[in-house]
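Student: I have a protein open on my screen and would like to learn how to read it. Could we go through it together?

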Amino acid sequence: MSASKDQVPAVSAHGARIPLLGLGTWDLRGRVCTDMVEKALDLGYRHIDTAEMYDNEQAVGEGLRAAGVSREDVFLTTKIWPSHFAAADFPRAARDCVKRLGVNDVDLLLLHWPNPQIPLPETVGALCKVKRDGLARNIGVSNFNVALIEAAWKATTEPLVCNQVECHPYLDQSKVLAACRQHGMAMTAYSPIAQGRAGGDNVLARIGAAHEKSAAQVSLRFLVQQNIVVIPRTSKAARLAENAAIFDFSLKDGEMAEISALSRAGRRLIPAGFGRPDWD
Ligand SMILES: NC(=O)c1ccc[n+]([C@@H]2O[C@H](COP(=O)([O-])OP(=O)(O)OC[C@H]3O[C@@H](n4cnc5c(N)ncnc54)[C@H](OP(=O)(O)O)[C@@H]3O)[C@@H](O)[C@H]2O)c1
């Protein structure tokens with residue numbers, strides 16, 4: 001496959017170019033994970049999302065090498081788990097991620113969840129240092145609400161290019177999105193098909209039928225059409241192609257509004273971690 005990551009639609013944030021579509025790998029392990037990463041890259045995906053907590057970085061790295069795509073053409077994200085947020089622990093955790101992946105550096109290193117037990121400036125300082133030390137080309141955060149985004153920007157000496165949060169048609173993340181945009185950050189939607197639920201949604205299916213697309217494709221299109229990065233996960237090869245075929249149609253304004261109306265307060269699928277339920 002000769003496509004480079006620049007041929008996949010991307011968002012720009014503080015100099016980073018993040019492909020709008022990536023493969024999520026939570027819960028994919030071993031051979032299945034390696035196969036899905038390899039197949040996704042063969043199909044043209046140029047963005048892979050993993051985390052030290054997923055226990056699959058080695059398998060992701062094997063998939064990268066098996067695909068034979070140039071390392072420079074793939075945007076690789078991983079995340080540091082909050083138990084490694086102390087300045088004394090953070091650099092080793094980052095080094096271990098890169099080592100397990102079998103790469104020299106990652107394109108994006110995120111703080112996986114806020115950890116109120118460790119001062120944020122300490123962790124953000126450690127994150128900036130691993131970037132300066134060359135382990136990460138870009139840095140960012142995940143599961144940060146508006147107040148935490150502001151606090152992280154106050155603490156950082158390097159641009160934070162991304163906030164990765166739960167986002168799908170059932171969850172209104174407009175406040176977090178506005179805060180990201182204010183700081184020039186990309187927002188990445190995790191669980192972008194609501195962990196499969198959007199695939200069975202009647203409203204999304206009806207809208208999709210008008211475009212000869214599935215409900216899951218409508219869920220993903222709804223997000224990328226707002227320049228929100230999506231990282232759907234699948235363990236099924238056929239769905240890789242389905243989830244990637246979202247750049248050849250557009251939703252009309254009325255359809256976007258109808259999908260927005262599916263969101264309600266409290267529709268979060270992933271519970272807040274580390275004792276931080278105060279989202280907004
Ligand atoms: N930063 C964080 O705290 C955080 C938290 C959660 C997730 N994430 C990241 O975001 C990624 C995606 O989120 P997610 O895994 O929670 O959920 P998701 O991508 O919204 O949904 C995955 C589920 O949807 C099914 N699915 C995939 N494609 C489908 C399609 N076209 N039609 C119908 N069903 C489909 C999959 O089943 P099959 O395998 O059977 O296809 C799987 O059960 C994760 O893998 C991970 O990389 C990050």
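Tutor: Gladly! Let's begin with contact, which means heavy atoms within 4.5 Å. Among contacts here between residues at least 6 apart in sequence, 75% join residues at least 24 apart. The model is a predicted one, where local features need pLDDT of at least 70, side-chain atom pairs count only at pLDDT 80 or more, and totals for chains, interfaces and linings use all residues. Residues are numbered from 1 along each chain as its sequence is written, and side-chain values use heavy atoms, leaving out hydrogens and water.

Student: How many helices and strands does the protein have?

Tutor: Helices (H or I, at least four residues) and strands (E, at least two) are DSSP runs, numbered from the N terminus. This protein has 10 helices and 10 strands.

Student: What share of the residues is buried?

Tutor: Buried means under 20% relative accessible area, exposed over 50%, and partly exposed in between, using a 1.4 Å probe and protein chains only. Of the 280 residues, 56% count as buried.

Student: Where is Ala-40 found, and what does it touch?

Tutor: Ala-40 sits in helix 1 (residues 30-43). Its relative accessible area is 0%, so Ala-40 is buried. Leaving aside residues up to four places away in sequence, Ala-40 touches Leu-23, Tyr-45 and Leu-240.

Student: Which residues of helix 2 are buried?

Tutor: In helix 2 (residues 57-67), they are Glu-57, Ala-59, Val-60, Gly-61, Gly-63, Leu-64 and Ala-67. The buried residues of helix 2 pack against helix 1, strand 4 (47-49), strand 5 (75-80) and helix 3 (90-101). After helix 2 comes Gly-68, with a positive phi near 70°.

Student: At what angle do helix 5 and helix 6 pack?

Tutor: Axes are lines fitted to C-alpha atoms, for helices over the stretch in contact, and angles run from 0 to 180 degrees between N-to-C directions. Helix 5 (residues 146-155) and helix 6 (residues 174-182) pack at about 20°, with axes 9 Å apart. Helix 5 contributes Val-146, Ile-149 and Glu-150 to the contact, while helix 6 brings Lys-175, Val-176, Ala-179, Cys-180 and Gln-182.

Student: Why are helix 5 and helix 6 called roughly parallel?

Tutor: Angles under 35 degrees count as roughly parallel, over 145 as roughly antiparallel, 65 to 115 as roughly perpendicular and the rest as oblique. At about 20°, helix 5 and helix 6 are therefore roughly parallel to each other.
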